[in-house]
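Today I went through the salt bridges. I wanted to know which side chains pair and how exposed the partners are.

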Amino acid sequence: MSRLGKIFMTALTQFLIRPARLDDAEAIYTVYRKAFATLAGKIDPPSSAGQATLDAIRDSLGKVDVAVCDDAGKIVGCVFFRQEGDACYLYRLSVDPDCYNRGIAKRLIAHVERAAKGQGVGKVALNVRLSLDKNRKLFVSRGFREVSLHAHKGYDHPTYARMEKPVAL
């Protein structure tokens, strides 16, 4: 392996994906808000993420699964997930914009896939806005496929896609 490859591998291994703790709520809220702020004006209808409160994040930590990406003690990414029927539903995947393109989203997605497998759930599902091409491409690169198109309430055309990925049990 080249020296550059070793440096790259070392840089990637500093991340720890772990279950969120209640004392992570404020850091999760900060990452979540920063990540979704980058979407302002890019999606219609606007994301409900902008209406999230710190109290809502704290409340979620007791009701759904949340994983964080910890970079030497700093939370730089998070993902929420829960079982819905025969799927593990992944949502609110968020990465600090200062940390884009470092493999954080991919690691968080892989964590959800492992959790689904561990819970005996045969697939991971998510919804993604049609206008967010980079997000759609990320999920396709991770093995997800669009299975249906849907419209938000009040819209007469599709605004988001349902994507799913089977996980081997």
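I counted a salt bridge where a side-chain nitrogen of Lys or Arg lies within 4 Å of a carboxyl oxygen of Asp or Glu. The model is predicted. My search of the whole structure returned 16 salt bridges.

Entry one: R21 and D24. I found their side chains joined in a salt bridge, with N to O at 3.8 Å. I then looked up accessibility. R21 is partly exposed, at 43% relative accessibility. D24 has 5%. Buried means under 20%, so D24 counts as buried.

Entry two: D71 and R102. I noted a salt bridge between these side chains at 3.2 Å, N to O. The two residues sit in distant parts of the chain, 31 residues apart. I placed D71 in strand β2, residues 65-71. R102 belongs to the loop between β4 (87-95) and α4 (104-118). D71 is buried, with a relative accessible area of 14%. R102 is partly exposed, with 28%.

E113 lies in helix α4 and K165 in strand β7 (residues 160-166), so the bridge ties together parts 52 residues apart in sequence. I found both E113 and K165 buried.

Terms used
Residues numbered from 1 in each chain as written. Predicted model: local features only at pLDDT ≥ 70, side-chain atom pairs only at ≥ 80, totals over all residues. Heavy atoms only, no water. Buried < 20%, exposed > 50% of the residue type's maximum accessible area, 1.4 Å probe, protein only. Helix = DSSP H or I, 4+ residues; strand = E, 2+ residues; numbered from the N terminus.
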